[in-house]
Structure formats: structure tokens, C-alpha cells
Amino acid sequence: MSGRRKFGNKFYLTYKIKIPNPAFNPSLPANKKNNPSHEWKSKAVPVSKDRATFEEFKAKFDYKHGRRKLHLPDDKSTFADLLAEFEEHIKEKRLKPKSCSRYHDTFNSFKKIVHPDRMSDVTVNVARGWKEARTSQVAPATFNLDLRNLRSAWKKAILWGLAEENPFAQIEPLKQTHRRREIAADPDAVEKLLTAAEKWNPEYWLLAMTARFSGLRLSEITHLQTAGLDMAGGWVKVEAHPCACRECEKIGGLWTPKSYQQRRVPLHARLRAALKQHPRAPGITFPGLDGGVRTARSVEKLFERLFVKAKVPRPPRELVHVFRHAFGSENAKAGIPLPTLRVWMGHKDIRTTMIYYHEDDAHSQEMMRKAERYSRGDGENLVKRKICFRRE
Ligand SMILES: [Zn+2]
């Protein structure tokens, strides 16, 4: 099936591959001489310098390709084989670092739940068990992403002769209802937290103030550059930039905000005052002890202590998000138009911003009075932006 050739000091594995003939005419009978359907080409790949390693590799190669030729899956193949093949596939396809890391996350979480060894052990029942366990861990969107990744990995596994069937093909994705849970951030509790932070440590206070008055997400705060705090222009800029932290290194050394929503949030007067009081050094605005980007966990821990200090009952998770929610809720209440708040918060989907808006009768009536004043000519147009009227 395959042969051995020594060239220089290396052993080469030689084998033949079938290449379809583009000029083949299917309406005529296949004939080696006049109408060949394919041709065979020799290939030689360098394997190793020592003979024993080479022979081992060759035996594996022959076993796998022998079964493949008979259309049999390789029953000895393991999940580790799939991962190795997939690594090659990623390199070949030149997938983007971010999607590579998503695949890795999927595989890692799958390994933790299932502990797969042989590929043939992963049956539909195992896949169902995985679904149950994974659903309790993550949101539906994340689960569906994992499912999609595993499905396509197994599809490839069948192609590569590592598996016989796709156990994930029969698993239904979860329904993604857009979360309409109400987010209420208690303004008094948030003020209490800010006061406690100010008493505790100016650095932490500034961090909490940034979260509260620009509504940045946790990773956007830890990655905020001092250059992004534009005091003259009056902006907090959330922009993609090269980053050498461990998380960004994994995805190719470029930090990007969630869903790539780069944006500028106008600087709030209270945040401006706080920044004037404690100017930041150039570079990372809130560096960790080593001067690099803080980890998300370290900031979470810091906020855990802050909640204890302020004697505010803490939510089960996403402590920094309390400030983001406060930012969203307050601005929605203040009557900031939905499209504007969407930009400020960096939501990809405007439905997420809508969580902050609650329409009630009193507000509805008040808006109509405003519209009446405007049409009479003595009111104010609240939306100072270009509005396109649809021509019917
Ligand atoms: Zn980073």
C-alpha cells in the first residue's frame, strides 16, 4: 500500500493518490488509454530520521487507509486522533484565530463532560447525555455553538475515516428566545457601592466609576487604554488593538470588543471629574500588579470584596455588570433614544437594548403630548439627528 524510501538521512513514506481526470467523458466507457477516469500520482512525504518511528507511522497509515479503502471506519481511532486531524485541518483551511479558539473551547468542555476515548464510544446516547449536562452550564446560544462545532467535527471525522456515524446529527439545537428578563439595577445600591469604593481605594473607585458611567463590559474595562479616555474630545473609546495578554494571545494577539462593536461613549461629567482627580499613566488604564492586563477573575474578586464592604447583597454572578445595567437603566429612564443607547452600550442586536426600556401608559400619553407640541410648532424635536421619511 505504501512504501519506504530513504533520501538523504530521512525516511519518506511513498504512496499513490487517485486524481480525477478533468477531460474524462462520462458518456463514453472508461478506458485506461483513450478515456481514463482518473490517474494515479505518486507522493512522498518526509516522516522521520529513525527507522523505528517511521515503521510505526507506516503501520498506522496502512491500517487507516486500508480500512478507508474498504469504506470501513477506523475502529481503533480515538478522540485524540480527531483532535490531531482537526489541528491539521485548521492549519490547512487557515481558519481565523477566533473561530479556532471557539473550536478548542467546545472540545475542552466536551472532554470535561464526556471523557471520550474511542470514537466508536461516542454514541447518540452519549451525545444526549452531553446535551443535558451542557445545557445546565451555559446559555442556549453557547450550547448551539458547541453543537454546531461538534457536528462539523464529526462530519469531518466520517470523511477522514475516524467515525462511522454522526451522533450529533440527531441532537436538536435549543430554541433561542431572546432574553426578555427585566434588568433592574437599584440606583441606591449602586451609589452605595461607589461611595464604598471611594473610601477604599482611588484606583478601584475609578474602575467602578468607569463601569458605571460608560457602561463598559468587564473585558472592555480591563483592556481600556488611557489613550481611549479622550478628555479633550469628551469620549471613552472602545477600539480593537493588539494585546499581549494570555486570553488575546490565544486568538492571535488582537483584542476586540464583543461582537466587534467598536464605539465611542460620550464622557459623563462625573467620570471626567474623577479622572481629573486621579490622572492615569499612559498605557493600560487599570493595569494589574505586573503592569499587564488584569484578568477578569481578579476584577471579579475585587468587586466581591466591594459588595461586602458596601453591605450590598451581591447578585449570583456578573458583579461588574451591575454597573453596566445601572448605566443602561438610567439612560433608558432618562429618555435616551433606543438607537443612541444601543451604540453607547455596544449591542449588536437592538433587541438587547430594548430590555432596558419599559413602556407604560403614563409615558405613552406624555410622548403624545410632546408630539402635539411639536406639530403645533411650539415643541422641541427631541431626536437631533437625520431622520429619513419613508415615501409610500
Ligand atoms: Zn488582551
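**Nonpolar cores and sheet pairing in the predicted model**

Leaving aside neighbours within four places in sequence, Leu193 is in contact with Ala208, Leu306, Ala310 and Val312. These contacts are described for a predicted model. A second, separate core comprises 17 residues, among them Phe79, Met119, Leu150 and Ala157.

Leu193 also belongs to the largest nonpolar core, which holds 29 residues. Together with Ala197, Ala208, Met209, Ala211, Val320 and Phe323, Leu193 is one of the residues that touch the most other members of this core. At least two residues of the core are supplied by each of helix 6 (187-200), helix 7 (202-214), helix 8 (218-222), helix 10 (269-277), helix 11 (296-310) and helix 12 (321-333). The greatest contribution is that of helix 7, with 7 residues. In soluble globular proteins, nonpolar side chains tend to be buried together.

The domain assignment divides the chain into domain 1 (3-69), domain 2 (79-159) and domain 3 (187-354). Between the C-alpha centres of domain 2 and domain 3, the separation is 33 Å.

Three strands form an open sheet in the order 1-2-3, and their pairing is antiparallel. From one strand to the next, the twist averages 40°. Strands of a sheet pair through backbone hydrogen bonds, in either a parallel or an antiparallel arrangement.

Strand 1 and strand 2 pair in the antiparallel sense over 5 bridges. Within this pairing, Arg4 has Leu13 in strand 2 as its bridge partner. The two strands, strand 1 and strand 2, form a hairpin with 2 residues between them. In the turn of this hairpin, Gly8 has a positive phi of about 65°.

The bridge partner of Thr14 in strand 3 is Ala44, and Tyr12 stands opposite Pro46 of strand 3.

Methods
Residues are numbered from 1 along each chain as its sequence is written. This is a predicted model: local features need pLDDT of at least 70, side-chain atom pairs count only at pLDDT 80 or more; totals for chains, interfaces and linings use all residues. A nonpolar core is a set of buried Ala, Val, Leu, Ile, Met, Phe, Trp, Tyr and Cys residues joined through C-beta atoms within 7 Å. A residue is buried if 20 or more other C-beta atoms lie within 10 Å of its own, exposed if 12 or fewer, and partly exposed in between; C-beta atoms are placed from the backbone. Helices (H or I, at least four residues) and strands (E, at least two) are DSSP runs, numbered from the N terminus. Two residues are in contact if their C-beta atoms, placed from the backbone, lie within 7 Å. Two strands pair if DSSP finds at least two bridges between them. Axes are lines fitted to C-alpha atoms, for helices over the stretch in contact, and angles run from 0 to 180 degrees between N-to-C directions. Domain bounds come from an automatic or database domain assignment.
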